[in-house]
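Subject: Structure handover

Hello,

Here is the structure I promised to pass on to you. Have a look at it first, and then read on for what turned up.

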Amino acid sequence: MALCCASAGFAQQASPPVSETAMQLIYGADGVAQDIPAGLAMLKDASADGDLAAQRTLGEQLIGGWVTQRDSDAGLPLLRAAAQAGDTKAQLSLGTFLLYGIGVPKDMRAARDLFEQMADRGDPTGLQLYGEVLMWSLKDPNAAQTYLIRAGEMGRGAAWAILAEGAMYGYLGDGKTSRAKFDGFAKRARATGNERIEVLDATRQMWGISMRANGPATLAKLETAADAGNTEAARFLIALVRDGNGMNIRKDTPHAMELLQRYADLLSPQQQWRFEPTAAVAL
């Protein structure tokens, strides 16, 4: 009996979702030969059978027009059906299309409603996206802050960093009022383990936002964060030392190469590859 169950579990794992297999065909991923028509046909068949993931994926492709001619009239009903069935990924995709007006008329209210439905299911991703758009567009700073705080309190650590960045640059009220909010949001971001907040704090030091500009102190902050395993701080530090900032941090290519070696374990092979040629050419 146990062997039977184990075999059944293995068989289930060996058969990926139709939408995943179709996307491998569409993009030629994971060693699969690219065949866009076959991938789309697979999605259409699965969508007709009520496969929510297939409906979502096909709807996204038709509205986005990434691998086939854009056909929002055909894609929108599919994506809506998946969203209405409670697929939070479909709700996020449809909400994003509506929020930015990609392939469909822009409708921020409809996008917000979809993001609220996601939040009701415990996913605050849409709230973060909506709040961020409100904040950077300066449409409603108070509402932006409210949505981002909700997202942060539901577990989106990035929302606290977004709030800190908005505060730093004056997007959450008048300049002084906005900047005074940075420390509180930074504390919340750090509590969630968000890495980007250290880059933002160093940026404040570099440009003298709410403090005296200080290049060496900027580098020291970034090095401390990178030494603690902060990947974003390591990347920012290497690029900053490699290029300088034209003000209080001079270009120092040899030191950038040293840092690249020092923090190699924090960087993916692709990231190392991107840094190495530019630094080597500068030498």
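Let me start with a question: is Asp30 buried or exposed? Asp30 is exposed, because its relative accessible area is 68%, and exposed means over 50%. Please keep in mind throughout that this is a predicted model.

Asp30 has its place in the loop that runs between helix 2 (18–27) and helix 3 (36–48). Its backbone is worth a look too: phi of Asp30 is near 55°, a positive value in a residue other than glycine. As background, most residues other than glycine have a negative phi. Leu138 also has a positive phi, near 60°. You will find Leu138 in the loop between helix 8 and helix 9 (141–153). With a relative accessibility of 48%, Leu138 counts as partly exposed.

Now for the overall picture. The protein has 283 residues, and 42% of them count as buried. Its secondary structure consists of 17 helices and zero strands. The C-alpha trace spans about 65 × 45 × 45 Å along its principal axes. Taking contacts between residues at least 6 apart in sequence, 46% of them join residues at least 24 apart. The accessible surface comes to about 14600 Å², and carbon and sulfur atoms account for 52% of that. As for charge, there are 28 positive and 32 negative side chains, with the centres of the two sets 8 Å apart.

Trp136 belongs to helix 8 (residues 125–137). Its relative accessibility is 31%, so Trp136 counts as partly exposed.

Which residues does Thr57 touch, leaving aside its neighbours within four places in sequence? The contacts are with Ser19, Met23 and Leu43.

Asp107 sits in another loop, the one between helix 6 (88–100) and helix 7 (108–120). Its relative accessible area is 34%, so Asp107 is partly exposed. Asp107 and Gly95 are 12 residues apart along the chain, and their C-alpha atoms are separated by 8.8 Å.

Next, the charged pairs. In general, side chains of opposite charge can pair when their charged atoms come close. How many salt bridges does the structure hold? There are 13.

- Asp183 and Arg204 meet through their side chains in a salt bridge, at 3.6 Å from N to O. The pair links distant parts of the chain, with Asp183 in helix 12 (residues 182–191) and Arg204 in helix 13 (residues 196–207), 21 residues apart. Asp183 is exposed because its relative accessible area is 53%, whereas Arg204, at 8%, is buried.
- Glu198 pairs with Arg190 in a salt bridge whose closest N and O atoms are 2.7 Å apart. Glu198 counts as partly exposed at 21% relative accessibility, and Arg190 is partly exposed with a relative accessible area of 36%.
- Asp227 forms a salt bridge with Arg262, and here the closest N and O atoms are 3.0 Å apart. This pair too links distant parts of the chain: Asp227 is in helix 14 (residues 215–227) and Arg262 in helix 16 (residues 253–262), 35 residues apart. Asp227 counts as partly exposed at 49% relative accessibility, and Arg262 is partly exposed at 44%.

Some of these bridges also share partners. Which residues do they join into one network? The network is made of Asp183, Arg190, Glu198, Asp201, Arg204 and Lys221.

If you open the model with these places in mind, I would be glad to hear what you think.

Best wishes

Definitions and conventions:
Residues numbered from 1 in each chain as written. Predicted model: local features only at pLDDT ≥ 70, side-chain atom pairs only at ≥ 80, totals over all residues. Heavy atoms only, no water. Helix = DSSP H or I, 4+ residues; strand = E, 2+ residues; numbered from the N terminus. Buried < 20%, exposed > 50% of the residue type's maximum accessible area, 1.4 Å probe, protein only. Contact = heavy atoms within 4.5 Å. Areas by Shrake-Rupley, 256 points an atom, 1.4 Å probe, with all protein chains shown as cover. Lys, Arg positive; Asp, Glu negative; His and termini not counted. Charge placed at Lys NZ, Arg CZ, Asp CG, Glu CD. Salt bridge = Lys/Arg side-chain N within 4 Å of Asp/Glu carboxyl O.
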